[in-house]
Amino acid sequence: MKIVDIRTTALRSPCNPPYASAGGFLSSRAGLIVEILTDEGVTGIGEAGFAGGASETLINGELKAMLQGEDPLLIERLWQKIFARTRPWGRRGVLMCALSGIDMALWDIAGKVAKLPLYRLFGAFRERVEAYASGGFYVEGKGIEALAAEAEGYRARGFRGMKMKVGRNPSTGTSLRHLLAEAEKCEVDPEEDIARVAAVRRALGPKAKLMVDANCAWSPSFAIERGRALAPYDLFWIEEPVATDDRAGSAAVASQLSTPIAGYETENGLFGFRDLIFGGAIDIAQPDLAWSGGFSECRRIAALAAAAQKMVAPHAFSTAVLLAASLHFLASLANGLPLEFDQTENPLRSELLKEPITLDKDGFLAPPAGPGLGIELDRAALERYRIR
Ligand SMILES: [Mg+2]
């Protein structure tokens with residue numbers, strides 16, 4: 001079997017109204033779907049991190065030229081070939097986003113050839129995966145009551161946990177949050193963050209998992225202070241408390257707080273996670289399959305986490321293709337935690353598949369049962385949101 005072509009579809013959908021975390025202000029959602037075509041008619045589907053459109057350029061230029069004519073089942077060889085040949089300017093960031101989409105599509109082909117859903121090809125650990133609702137964003141004019149009502153809605157639908165945003169506070173002077181676009185919009189006083197978390201804990205009840213995500217906004221000392229102030233609300237984890245590259249700072253936070261520290265979706269690749277894991281910067285590893293090297297690299301990261309007795313909770317906040325991939329990944333892991341299930345209004349997540357992935361009454365998601373990723377793209381939906 002040979003790779004004959006690669007096709008990319010760039011998608012965008014507006015957020016009405018826009019919503020914010022401490023790390024960004026989202027007025028639209030974007031995604032890049034990657035399809036690898038073979039001479040035997042088998043097509044693999046993947047998703048690459050959008051990277052401001054740069055991953056698309058990379059895939060359609062440099063990387064396509066490296067892949068055409070190659071055997072798509074030599075996945076490890078192709079992965080390492082791309083990594084090696086782009087080393088001077090690649091390694092992380094945009095290259096890793098592009099490589100993620102290619103790896104995911106190659107594994108989809110492998111699953112289709114093997115006639116096995118990917119989680120089974122990887123050696124399944126479970127048939128369904130607990131999901132948590134990912135929401136609780138800052139929105140202009142959205143008060144604590146509306147946030148509590150959002151949490152109550154998740155509980156009513158069967159979710160056993162929820163993640164909410166914290167840290168959109170005026171800059172402490174030690175973080176560079178004030179440089180982000182629209183940084184001053186929907187900022188809250190740090191004390192209001194505590195009240196927001198308290199309200200969500202009340203709405204969810206004492207047993208639900210409650211996670212907070214600071215999106216790298218805090219200084220280490222402020223993160224420790226915040227972690228202590230939030231201790232009464234029994235958090236399941238605190239996500240990305242400090243800057244991605246402040247590993248010593250994150251390690252200090254992790255050592256001072258009993259609440260587990262999760263992160264860093266903004267890191268990518270095995271070597272980045274090696275430093276986070278063995279530097280004591282995280283208790284829970286959160287690679288994103290579309291940013292961190294696809295199944296191949298994220299499975300290596302999960303094995304490394306297992307070697308350090310740490311758990312894995314992949315970041316999954318994009319299209320339905322990433323959601324399906326993340327489900328297969330987690331269903332194959334012994335050290336997996338609940339899956340992030342984006343609950344914002346996002347048609348790229350809810351409309352792209354012929355058979356959408358839906359929550360069961362117990363709050364779990366089942367990986368699609370068909371071979372590979374087990375998904376079929378709804379071409380009309382792709383056309384609706386296509387920008388290129
Ligand atoms: Mg996050």
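Student: Why does the radius of gyration of the protein agree with that of a compact globule?

Tutor: Happy to start there, keeping in mind that this is a predicted model. A compact globule with 388 residues would have a radius of gyration near 21 Å. The protein agrees with that, because its own value is 20 Å.

Student: How far apart are the centres of the domains?

Tutor: The domain assignment gives domain 1 as 3-116 and domain 2 as 119-378. Taken over C-alpha atoms, their centres are separated by 22 Å.

Student: Which element gives the most to the side of domain 1 that touches domain 2?

Tutor: Good one! In the contact between the domains, 39 residues of domain 1 meet 46 residues of domain 2. On the domain 1 side, at least two residues each come from strand 1 (3-21), strand 2 (24-38), strand 3 (43-48), helix 2 (75-85) and helix 3 (93-114). With 14 residues, the element that gives the most is helix 3.

Student: How many residues on that side of domain 1 are nonpolar?

Tutor: Let's sort the side of domain 1 that touches domain 2 by class. There are 9 charged and 10 polar residues. The nonpolar residues number 20.

Key
Residues numbered from 1 in each chain as written. Predicted model: local features only at pLDDT ≥ 70, side-chain atom pairs only at ≥ 80, totals over all residues. Domains from an automatic or database assignment. Contact = placed C-beta atoms within 7 Å. Helix = DSSP H or I, 4+ residues; strand = E, 2+ residues; numbered from the N terminus. Nonpolar A, V, L, I, M, F, W, Y, C, P; charged D, E, K, R; others polar. Rg over C-alpha atoms; globule rule 2.2 N^0.38 Å.
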